[in-house]
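Grab a pencil and let's work through a few exercises together. Have a look at what is shown below, then try each task before reading its solution.

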Amino acid sequence: MDFAALQQQLCDRQTTCVELTERYLAKIEKGVHLNAFIFVMRDQALQRAAEVDRKIAKGVAGRLAGMVIGVKDNLALTNTLTTCGSRILHNFVAPYDATVLRKLAQEDAIFIGKTNLDEFAMGSSSETSIFGAVKNPIDPQRVAGGSSGGSAAAVAAGMCTAALGSDTGGSIRQPASFCGIVGLKPTYGRVSRYGLFAYASSFDQIGPLTRTVGDSAHILQVIAGCDPQDSTAVDTAVPDYQQALQRSIVGLKIGLPREYFTTGLDPQVETVLNKTVEKLRNGGAQVVEVSLPHSRYAVAAYYILATAEASSNLERYDGMRYGYRAGHVRSLEETYVKSRSQGFGDEVKRRIMLGTYVLSAGYYDAYYRRAQQVRTLVKGDFDAALEQVDCLLTPTAPTPAFCLHEKLDDPLSMYLSDIYTVSVNLAGLPALSVPAGTDSKGLPIGAQLIARPFDEETLFAVGQFVQNP
Amino acid sequence: MITVHDVEQIARLAKLEFTDEEKHRFIKSFNEILSYVELLNELDLDGIEPTTHVVPLQNVLREDCLEFSLPREKVMQNAPEQKEGLFRVPKVIGASDE
């Protein structure tokens, strides 16, 4: 059931927020083996649900009354643990709310718990959290994708109406594709990042994971907009996204980047994408081939720039003011080194090390500067392509969900699973992953739509068409 | 190619330490990743401006007036050690003499 139907039920007094929350809590309990939640806010959620029920009875409830939301555990929620799935923050209680959570609460959304993730959102499989791996609800032998894997699994398993994630190189879209749900990475600057624990600040963006495109639009409507707490949140008017859902796709021009349909693409993913193209053509859209010539350089550029930013952002974890501090140390220097070495997991250390290396004297020009120049080229490719067409259609990921442990010991092959998503973050564009079909084993396959900056409306219009039967 | 010496050097800069076994595992994945990113050397990048940020940013300033900030106890609530409302940290000066 989508949120609109759910709200109708609440309005007609067929159900209550408390009843809904109880139903979700039961689902969470039943699916505890999926490890989607790091912790569940049972009492708070039920108390809040009762409050919202009273507001509904009085006719003063907010726009999201009845929406029960899972929150990725790298978003600060006051008086609640916020761990980033890391030992270094295992006991960190957030002293303030992320702007997105403050806005959602104002509209009477109910938070049900914090969802599991790759440590510090660095990963593509949600296997590196100290709380263990997330499993895919469709096939628990497989990963849920990452890094917002807990959020995706929770929504797919019906443990909440929707969830929030963060996307630095595909961390909302790829798990959405793997779990058969809708994932939106808004334009960089569309949504405030205040209260999101930084991984790579020039790429990070918060967005919704939902069952339907309509629900995604409902959430973006509330969380979008500028924020005095985040100077990179752009002061651009927030359009009416529900209206965008009504738009026709007749006459829209949709581009297929030819570089995305070559080697490395699973034939079953290609088949599903071809069917999506057919559907769009039958619906009246014009589908044409376009070129993004620098696509093959995107993953390399991304992993240089993102790790460089990460190495700088994660300097703050020094064991002084918050987080894990190693015991039995004699000096300040030793406190730093031991706290960080014992507090961070392998993948986070690897990225800090890579980032430190590419920024170090003698290598800056060879790696960091070159990667920034490639970022210019990748962005230029998109600008040129999106002058010819209204949006682009690509696979979200080269394969359906892979098996647990399959790529964990091979970081490079893990990085390459982001091949179709990272360029979007390099260019700062909005993109939506929408369920497009399944493979022969029934594993979901997502289609990715990419639009011009701040044109989430086109994503919603086309996404809605793709999702509807 | 990255060597053990390089790993130790980078670790020192990053304030991390590794066991010998970890260093060797690191070197393997590090070198794989570095040889993959060599791909970028195919490109002639002369005259291409680097992009640091995708949104054309201007300085965003606010009025210089008093605003709410977190109360001290909220700021201190996660401190590993504290004393009299201050963060307690290991001795900074003369620590090596201890």
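**Exercise 1: Across the interface**

Lys338(A) and Glu17(B) form a salt bridge, and their closest N and O atoms are 2.9 Å apart. (A salt bridge here is a side-chain nitrogen of Lys or Arg within 4 Å of a carboxyl oxygen of Asp or Glu.)

A word on the ground rules: this is a predicted model, where local features need pLDDT of at least 70 and side-chain atom pairs count only at pLDDT 80 or more, while totals for chains, interfaces and linings use all residues. Residues are numbered from 1 along each chain as its sequence is written, chains are lettered from A and ligands numbered from 1 in the order in which they are written, and side-chain values use heavy atoms, with hydrogens and water left out.

*Task.* Find how many salt bridges the rule gives across the interface of chain B and chain A, and describe the side of chain B that touches chain A.

*Solution.* 
1. The rule finds five salt bridges between chain B and chain A.
2. Which elements give two or more residues to chain B's side? They are H1 and H2 of chain B. (Helices are DSSP runs of H or I with at least four residues; strands are E runs of at least two; both are numbered from the N terminus.)
3. H2(B) supplies the largest share, 10 residues.
4. Sorted by class, that side has 32 nonpolar, seven polar and 13 charged residues. (Ala, Val, Leu, Ile, Met, Phe, Trp, Tyr, Cys and Pro count as nonpolar, Asp, Glu, Lys and Arg as charged, and the others, Gly among them, as polar.)
5. Now count contacts, meaning heavy atoms within 4.5 Å: 52 residues of chain B touch 65 residues of chain A.

**Exercise 2: Two helices**

*Task.* Work out how H1(B) and H2(B) are arranged.

*Solution.* 
1. H1 (residues 4-14) and H2 (residues 20-37) of chain B pack at about 95°, with axes 10 Å apart. (Axes are lines fitted to C-alpha atoms, for helices over the stretch in contact, and angles run from 0 to 180 degrees between N-to-C directions.)
2. So H1(B) is roughly perpendicular to H2(B). (That label covers 65 to 115 degrees; under 35 is roughly parallel, over 145 roughly antiparallel, and the rest oblique.)
3. Val4(B), Val7(B), Glu8(B) and Ile10(B) of H1(B) meet Lys23(B), His24(B), Ile27(B) and Phe30(B) of H2(B).
4. This contact has five nonpolar, one polar and two charged residues.
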